[in-house]
Amino acid sequence: MQNTSYVSFLAFNRIFLYFLTFTLSTWSDRFDQFWAINRKLMEVSSENPYFRYIPFRVYQADKSFIQKLVKPVDEEGRRQTLADLLLQVFPDHQNRKVVIQGVKMSPQTPLQWLSEHFSYPDNFIHICVHEK
């Protein structure tokens, strides 16, 4: 039991140090360059009020993360939700608890809104998924 706790603690520390290192490098003296590029990625227009793609990473216990791009609207123009994203990633299971930045998210949350309000500086939505 102690060994399992120790391994889990080390895995958490590794992820935390990655985000800390990324954040510090992002907020360094190249901040203006970062936002010049980032602003282009997050632009919307009156004819297309959605981002072209939304990048995300899904993290699960004891598994590699899943990283993909998803469109915020489907082919019919319907807004995609967190539930739609989860069905794309996990077509066989629907009973999952989703946490983003420490907040339990509703499956009906639109992806565009999530990207605007819960993306990290790298524009990814980092999603933690737990089995219920």
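**Helix α4.** I began with helix α4, residues 111-118, in this predicted model, and listed its buried residues, which are L111, Q112, L114, S115 and F118. I then looked up what these residues touch, and found that the buried residues of α4 pack against β1, β2, α3, β3, β4 and β5. For the spacing along the helix I kept in mind that an α-helix has 3.6 residues a turn, so residues three or four places apart point the same way.

**The sheet.** Next I followed the strands, and noted an open sheet of five strands in the order β2-β1-β5-β3-β4, with mixed pairing. At the edges I found β2 (66-70) and β4 (103-104), each of which pairs on one side only. I recalled that strands of a sheet pair through backbone hydrogen bonds, either parallel or antiparallel. Which sense applies to β3 and β5? I found that β3, residues 96-100, and β5, residues 125-131, pair in the antiparallel sense over four bridges, and that V98 has V129 in β5 as its bridge partner.

**Helix α3.** I turned to helix α3, residues 82-89, which packs on the sheet and touches β1 (54-59), β2, β3 and β5. The direction of α3 makes about 125° with that of β2.

**Two residues with positive phi.** I checked the backbone angles with the reminder that most residues other than glycine have a negative phi. D62, in the loop between β1 and β2, has a positive phi of about 60° although it is not a glycine. Is D62 buried or exposed? I found a relative accessible area of 81%, so D62 counts as exposed, the cut-off for that class being over 50%. Q101 is also not a glycine and has a positive phi, near 50°, and I located Q101 in the loop between β3 and β4. Q101 has a relative accessibility of 39%, and therefore counts as partly exposed.

**The chain as a whole.** Of the 132 residues in the chain, 33% are buried. Among contacts between residues at least 6 apart in sequence, I noted that 56% join residues at least 24 apart.

Key
Residues numbered from 1 in each chain as written. Predicted model: local features only at pLDDT ≥ 70, side-chain atom pairs only at ≥ 80, totals over all residues. Heavy atoms only, no water. Pairing = 2+ DSSP bridges. Contact = heavy atoms within 4.5 Å. Axes fitted to C-alpha atoms, helices over the stretch in contact; angles between N-to-C directions. Buried < 20%, exposed > 50% of the residue type's maximum accessible area, 1.4 Å probe, protein only.
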